[in-house]
Amino acid sequence: MSDKATPLEIIHDSKAQAFSTVVDGYRCEVDYTLQGDVMTITHTGVPDPVGGRGIANLLTRFAVQVAEANKWKIRPACSYAATWFKRNPEYAHLLA
């Protein structure tokens, strides 16, 4: 995410249960576990050199949209994901 309005290329690796992107050479990720139809977001990570750019927000939103498309409920186990849901109440219907 530079000054250009270039969208992130977010990869969903369902085997690794992670969403990730690389920004300026740094891997950023949202990790989850899936039990039945409940996605538990366990970790959101954006390295400090690329922090503050909204990357975690975009990764989390993408993960939530994948969960919604698959009719999964979501349990935000990491503090970032829990805060994200408080800031985005339009997705509260997805909470497990």
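Is Arg-27 buried, partly exposed or exposed, and what is its relative accessible area? In this predicted model, Arg-27 comes out as partly exposed, at a relative accessible area of 44%. Its side chain pairs up with Glu-29 in a salt bridge, where the closest N and O atoms sit 2.9 Å apart. Glu-29, for its part, is buried, with a relative accessible area of 13%. Side chains of opposite charge can pair when their charged atoms come close.

A search through the whole structure turns up 2 salt bridges. Besides the Glu-29 pair with Arg-27, there is one between Arg-53 and Asp-24, with 2.8 Å between the closest N and O atoms. Arg-53 belongs to the loop between strand 4 (38-45) and helix 1 (55-69), while Asp-24 belongs to the loop between strand 2 (18-23) and strand 3 (26-35), so this pair ties together parts that are 29 residues apart in sequence. As for accessibility, Arg-53 is partly exposed at 29% relative accessible area, whereas Asp-24 is exposed at 54%.

Now for the helices. Helix 1 packs against helix 2 (residues 79-87) at an angle of about 75 degrees, and their axes are 11 Å apart. That angle falls between 65 and 115 degrees, so helix 1 runs roughly perpendicular to helix 2. On the helix 1 side, the contact is made by Ala-56, Asn-57, Thr-60, Arg-61 and Val-64, and on the helix 2 side by Tyr-80, Trp-84 and Phe-85. Sorted by class, this contact between helix 1 and helix 2 brings together 5 nonpolar, 2 polar and 1 charged residues.

Notes: Residues numbered from 1 in each chain as written. Predicted model: local features only at pLDDT ≥ 70, side-chain atom pairs only at ≥ 80, totals over all residues. Heavy atoms only, no water. Salt bridge = Lys/Arg side-chain N within 4 Å of Asp/Glu carboxyl O. Helix = DSSP H or I, 4+ residues; strand = E, 2+ residues; numbered from the N terminus. Buried < 20%, exposed > 50% of the residue type's maximum accessible area, 1.4 Å probe, protein only. Axes fitted to C-alpha atoms, helices over the stretch in contact; angles between N-to-C directions. Parallel < 35°, antiparallel > 145°, perpendicular 65-115°, else oblique. Contact = heavy atoms within 4.5 Å. Nonpolar A, V, L, I, M, F, W, Y, C, P; charged D, E, K, R; others polar.
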